[in-house]
Amino acid sequence: SLTAFGVQLFVAGCMGQDDDKGPRADAKSQVVVIGFLAFCGPGLFNALNGLGNAGSSDAQVAAMANGCLYCTFAIFGYFGAVAFNLWGPKMLLSLGGLTYAFYAICIFFSAQIKALALLGGVVLGVGAGFFWAAQGSLMMAYATPKSRGRLISIFWVIFNLGGVMGGLLQFALNFHTEGANASPISYFTFVSVMVLGACMAPMVLAEPSSVVREDGSPVLFQQAESASDEFRSAIMALKDPFILRNLLFYLASNWFYTYNFNGFNGHQFNIRTRGLNSAAFWAAQMWASARFGQ
């Protein structure tokens, strides 16, 4: 009951009241909400992967899982826009958040069944595509040209706080662990928070139509067409010169993580120090995003 009461207070704090138009939500507070949802899902995923080999002693497990993850993510990250137009952000952020928990469970049990690493990577690739398509759409819709850098940096700081706190948690929980595997309690602590964030998404996230941006303008989205029309439009967008010119940037965006996490952190350090290094890595991203946002 205390948790439910806390959720109600949190939602009430994110919502304003306009007697003529019903409840209205402030764009900045909604960016904080989206950051919190990313803290619970992708943020803790980053902490887990920051340990090197996703916390496993077997580098092959992480290689298989993340290979499947990013191949699938590349497809569903693009076509997630179709799902966003048809289903809206609440469903995508909730379903996407649950797949992060599924991935962590698969990695944990892959020591017994390696095929689970493949399954976890594929499922998360789909869910991450949905999650980040919704996140990107809402961030760009809620920000004005003058507030865009600041709001994106607010989101990024909160999101990466998940990586920092997760890394410190792994450092503490594995302080007396001598092996290369993260302790079971650290995995399932992460899974619990991931599930909590995914389940809270429909409760704490406002409908985009009720959000007002900082300049007082409403948030508008085009009415979704049929599924076939949305899919056809997504295919046609691949011909856009902007998309074609940026393909190498898309390729490079996550390219370095394999070296940072598996080649460097996972190979050079024990599980305790890997948690500390991971926390430092994401703390640097928090600082950088705050500075770049200005």
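Analyst: Helix α4 passes helix α7 in a left-handed crossing. This is a predicted model, in which local features need pLDDT of at least 70, side-chain atom pairs count only at pLDDT 80 or more, and totals for chains, interfaces and linings use all residues. Residues are numbered from 1 along each chain as its sequence is written, and side-chain values use heavy atoms, leaving out hydrogens and water.

User: What makes a crossing left-handed?

Analyst: The near helix is turned anticlockwise from the far one by less than a right angle; clockwise would be right-handed. The crossing of α4 and α7 is left-handed.

User: Why is α4 called roughly antiparallel to α7?

Analyst: The axes of α4 (residues 89-109) and α7 (residues 184-204) come within 7 Å and cross at roughly 170°. Angles over 145 degrees count as roughly antiparallel, so α4 is roughly antiparallel to α7.

User: Which residues of α4 and α7 meet?

Analyst: Contact means heavy atoms within 4.5 Å. Among those that meet are Leu93, Leu98 and Phe108 in α4, and Tyr187, Val191 and Met194 in α7. The residues of this contact divide into 18 nonpolar, 2 polar and 1 charged. Ala, Val, Leu, Ile, Met, Phe, Trp, Tyr, Cys and Pro count as nonpolar, Asp, Glu, Lys and Arg as charged, and the others, Gly among them, as polar.

User: What is the mean pLDDT of the chain?

Analyst: On this scale of the predictor's confidence in each residue, from 0 to 100, the chain has a mean of 84, and 89% of its residues reach 70 or more. Over residues 1-13, however, pLDDT stays under 50.

Key:
Axes are lines fitted to C-alpha atoms, for helices over the stretch in contact, and angles run from 0 to 180 degrees between N-to-C directions. Helices (H or I, at least four residues) and strands (E, at least two) are DSSP runs, numbered from the N terminus. Angles under 35 degrees count as roughly parallel, over 145 as roughly antiparallel, 65 to 115 as roughly perpendicular and the rest as oblique.
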